[in-house]
Amino acid sequence: MKAQTVYGQLDLWGPKPPDAADQRSEAGSSSQGKHEAAEPKLLEAILNPANLEGAWRSVKANAGAAGIDGMSVEAFPAYWQKDRERIVAQLKEGSYRPAAVRRVWIPKGNGEERPLGVPTVLDRVIQQAIAQILSLIFEGQFSAHSHGFRPGRRAQDAVKSIQEAAREGYVHAVDCDLKSFFDKVNHGELMQRLRRRIQDGRVLHLIGCYLKAGVRLPDGKTEATPAGVPQGGPLSPLLANIMLDDLDHELERRGHRFARYADDFIIVVKSKRAAERVMRSHGRALQRCPVDGSMAAAAGPALLLETVEAAEDPIPEPAQTRDQPQHDQTSQPVP
C-alpha cells in the first residue's frame with residue numbers, strides 16, 4: 001500500500017486536517033523577529049494530521065534500518081493505525097518516552113568511523129514532525145553563511161561561496177572543525193536557545209526527552225546521553241544549526257567571510273597574516289557563543305584556495321547507508 005494513498009483509506013493520521021495556512025498559524029509565523037517567541041500551542045501544530053503525514057512520507061522515502069525495537073519502515077503503518085490514539089495522547093500529556101537510539105558506526109573518509117544513533121521508526125516520524133514545524137520558526141533567523149541541512153541548500157553552495165570569495169581576493173583560509181561537536185553539545189545551552197522562540201513547554205519537554213533518551217550499544221547495554229545530539233535522527237541537524245546560530249552571527253559581527261556546513265566551517269581572508277590572526281582569535285569567538293572550547297581544537301593552518309578555485313567537481317553530499325537515515329529538512333507540512 002502506497003504512503004500517498006494510505007491516509008485516505010485507513011484514516012491513518014486522524015481527522016481531515018486544516019489547510020496549510022491554518023497549520024502555519026498554529027506554529028507561529030517564520031517571519032517573527034529573532035527574539036520573538038513562537039505561539040504557545042506548538043505541540044498541536046506538530047501533531048496536526050497533515051504534518052504527521054508529511055513526516056511519515058519523508059521517513060518512508062528515506063527508508064533506513066530499524067531501531068532497537070526491530071520495527072521496519074514497512075511494518076510501521078499497521079502499528080501506527082492500531083496505537084495512534086494512545087501515542088498522541090501520551091505526547092499531549094507529556095508521558096511519552098522516546099526509545100534509546102541504536103548505535104551503529106559508519107566509515108569516514110580518513111579511515112576513522114563516525115558514530116550514528118538510529119532511532120525507531122516511530123521516533124523518526126515524531127522527530128521529523130517536530131523538525132518540520134521548528135524549521136518554519138527558526139529558518140528565518142539562520143545566517144546566509146550556513147549551508148548544512150537547510151531547505152534549498154547543499155554542500156556545493158558552500159563551495160561556490162568560497163570560490164566566489166577567492167575570486168575577490170580572499171585566497172587564504174582557516175579550516176575549522178568543531179571536533180566531536182555532535183557528541184558534546186551542552187543540553188542546557190541548547191534548551192536556552194530553543195526557549196528564545198518556543199513558549200510551549202510541552203515541546204521543550206519532548207525535545208529534552210529525545211536528548212536524554214540514551215544510546216543502546218551493540219553489547220545490549222544502554223549508555224546515558226548527558227550531552228550531545230546523536231547523529232542519525234531527523235531532528236539533530238536542525239538542533240545543531242540552532243546551537244551554532246550564535247557562532248554564525250558572531251562571525252558576521254566580526255566581518256568575516258565564511259561558510260559553514262554542519263560542524264565544519266571555513267573562514268577566508270586576504271593574507272596569511274590575517275589567517276594567523278584568525279587562528280589565534282577564533283577560540284575566543286567560540287567561547288563567547290558559547291561553544292565548548294574543546295570542540296574547537298582542530299582548526300587548521302592557513303591554506304591557499306587555488307585548489308578550491310580550480311576544482312571541477314563540487315563536494316558530494318554525504319553517502320547514505322541502510323543504517324544512516326537521511327536528514328530531510330526540506331519537507332513541509334502536507335496541505
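**Helix α7.** I began with α7, residues 155–167: its 13 residues reach 19 Å from the first C-alpha to the last. That is close to the 18 Å expected at 1.5 Å a residue, where the expected span is 1.5 Å times one less than the number of residues. Helices here are DSSP runs of H or I with at least four residues, strands are runs of E with at least two, and both are numbered from the N terminus.

I noted that this is a predicted model, in which local features need pLDDT of at least 70 and side-chain atom pairs count only at pLDDT 80 or more, while totals for chains, interfaces and linings use all residues. Residues are numbered from 1 along each chain as its sequence is written, and side-chain values use heavy atoms, leaving out hydrogens and water.

After α7 comes Gly169, with a positive phi near 105°.

**The sheet.** Next I looked up the open sheet: four strands in the order β2-β1-β4-β5, with mixed pairing. β2 (113–118) and β5 (222–223) are at the edges with a single partner strand each, so one side of each has no neighbour in the sheet. Strands pair if DSSP finds at least two bridges between them. β1 (residues 101–107) and β4 (residues 215–216) run parallel, joined by two bridges; Arg102 has Arg216 in β4 as its bridge partner.

**Contacts of Leu134.** Which residues does Leu134 touch, not counting those up to four places away in sequence? I found Leu42, Leu194, Ile198, Ile207 and Leu238; contact means heavy atoms within 4.5 Å.
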